[in-house]
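Please read it with the structure in view.

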Amino acid sequence: MITKLLVANRGEIARRVFATCRALGIATVAVHSDADADAPFVAESDQAVRLPGNTPAETYLRIDLILDAARRTGADAVHPGYGFLAENAEFAAAVTDAGLTWVGPPAKAIAVMGDKMEAKALLAEAGVPMLPTWTDADEITDFPVLVKASAGGGGRGMRIVRDPAGLAEAVASARREAAGAFGDGTVFIERYVEGGRHVEVQIFGDTHGTVVALGERDCSVQRRHQKVVEEAPAVVAPELRQRLHEAAVAAGRAVDYVGAGTVEFLLAPAGEFFFLEMNTRLQVEHPVTEAVTGLDLVRLQLLVAEGEPLPSAATPPTDGHAIEVRLCAEDPGQGFRPATGTLHRFAVPRVTGAFAPTKGLRLDSGVADGSAVGVHYDSMLAKVIAWAPTRAEAARALAGALAGAELHGVTTNRDLLVRVLRSPEFAAVEIDTGFLDRHEEVLAPLLPAGRVPLAALAAALASAAGRRAEATVLAGLPSGWRNVPAFPQVTRFVGPDGEIEVRYRLDRRGGLAEWATVPPLVTSGAAAGNGGPGEAADPDAADLRTAGEPSTIALVSANRGRVVLDVDGVRWVVRVHRVGSEIFVDGPDGAASLVELPRFPLPIAELAAGSLLAPLPGAVTRVHVQVGQRVAAGELLLTLEAMKLEHPVLAPSGGVVAELPVPAGGQVETGAVLAVINPEEDPR
């Protein structure tokens, strides 16, 4: 039996495995990079071993260091998690050769399924439906096609190509990204199916020859070929479900599969389905299967690794519906650009459980308050899972919990997730892998731009109340009160769309006597001044708005953490959290992140006109232009690699490349100048 388990991974998956180990009485060992030294998964392990360095190549991909950590701690088993070495046949073989128990499928099965071309050939013989596939780009006559990495998954090394002109660059880019993520740049090409759904089947095998299907999941809502929303069961006809399960079990039996695995299919609009790949590991989205089956899949992994047969009740009927979302540090409004920073607050309301099968709301998180989000690893912060008797109830509960979450310090995709879950198309199961491409409206923030000034007003009032609470001189005076009404309080912020100025004056009782914001806020009724219903007041108006006019705002109460306003007769309650000059406002209709500007700012160095700045730390992998070259708007200038993905840097307008201060291979921090473009002169 396993007595001490080393998890060769990080983040929420390490915490997930540790949770089951604690329940079973198995001691745990974590391995960690320098960047992860203070991460929650390290703190929760019984023992931890440092892997010197930060990048995956220096740490989590080092087989020798991981095996040495197992030897030093006396671990007798290794769980690979997912990603990194989870689907590395060499690692699986090395673990078993070292006399340790490998919690995963045999190295041979990993090797066969890891070579996607070999896997396609083998499973085609087993009767599993396949898409047309090419390894020679010159043989392709029909577009669109999809370039895919032969090793690994997670959307890395994948490119859609719609015409022959873009094929060569797509193949080269996919090879670079695959080599960086998996150490193998081999790619192949297959027919791309428009409007297809991504449906996968969870299988489990034991050492006694049993292979079973534990239901299926729909993972169609994706960005950059990476899953965003996953649910179980998939909404498919019973006959199609049976055929999917049979094909998945046939795939598992073809390679004598042992342990947890996932067989992924592309479901075409006409009802056909085709094999995509087999993931020889536990999947990120396994919690939705646990929710509807009641099974602990990590427990089953450990039992199977110990040689036990699958329980006779390993295929229980599904109960209810579960939906999972991947909460990621990224900006959907900026092409899903990864985000970095410090999570000052990470709180999701109404959570009923974590890291184990749960009825209700489950949170599997790799972060906590104070966690640093860097550039070395995947952008996923947590998985939030909701179970309910019906799909509609699960979507509503999950959207409500996300909307009420406090996520401070790092930009996330929370608003996008809420909009997807609340969209009529999602409710009607009108989803496929192109869902986000068709529905750009879900990229918009939950808080309308016209309401951001109201959040700024609340932030100003909370800050004033906080300062007043700490005052030792004239402490009895109301916060923000002045005996010279001609000079209101003025606070300036930087919001998501630029600078906001808040001007207000309180009366002797501490009520809001006058107020104004620039730009003006948009309220539900007629704006004070000259606006009509739903319109903003004249932005050039110099007078403060007066409480008591139509579209009024009255201050009900304010302290440093909570502000209650009466907006057109409706109570508006917001939570306010300040960290230094950053202020985070969470309200009933969305959240805003603001930075309070100093009253007397210090001078800063001016950037050259036309400077393009690094949006996040990373490495410049390729420079596509030269100094002196004329470029057009949208032309590719550089390729920046961060969080294991390539990010193109495009010319914002036509002009001439004046500077390229960072060569290929150079490391940059956020805000570094990547290029300077002198704009084209107007020929008139």
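1. Arg 16, Val 17, Thr 20, Cys 21 and Leu 24 of helix 1 meet Leu 297, Val 298, Arg 299 and Leu 302 of helix 10. Contact means heavy atoms within 4.5 Å. By class, these residues are 6 nonpolar, 1 polar and 2 charged. Ala, Val, Leu, Ile, Met, Phe, Trp, Tyr, Cys and Pro count as nonpolar, Asp, Glu, Lys and Arg as charged, and the others, Gly among them, as polar.

2. A caution on the source. This is a predicted model: local features need pLDDT of at least 70, side-chain atom pairs count only at pLDDT 80 or more, and totals for chains, interfaces and linings use all residues. Numbering runs from 1 along each chain as its sequence is written, and side-chain values use heavy atoms, without hydrogens or water.

3. Now the geometry of that pair. Helix 1 (residues 11-24) and helix 10 (residues 297-305) pack at about 65 degrees, with axes 9 Å apart. Helix 1 is therefore roughly perpendicular to helix 10 (65 to 115 degrees). Angles run from 0 to 180 degrees between N-to-C directions, and axes are lines fitted to C-alpha atoms, for helices over the stretch in contact. Helices are DSSP runs (H or I, at least four residues), numbered from the N terminus.

4. Which helix packs with helix 11 at an angle of about 155 degrees? Helix 12 (residues 414-422) does, and its axis lies 9 Å from that of helix 11 (residues 391-403). So helix 11 is roughly antiparallel to helix 12 (over 145 degrees). Their contact has 8 nonpolar, 1 polar and 2 charged residues.

Key. Helices (H or I, at least four residues) and strands (E, at least two) are DSSP runs, numbered from the N terminus. Angles under 35 degrees count as roughly parallel, over 145 as roughly antiparallel, 65 to 115 as roughly perpendicular and the rest as oblique.
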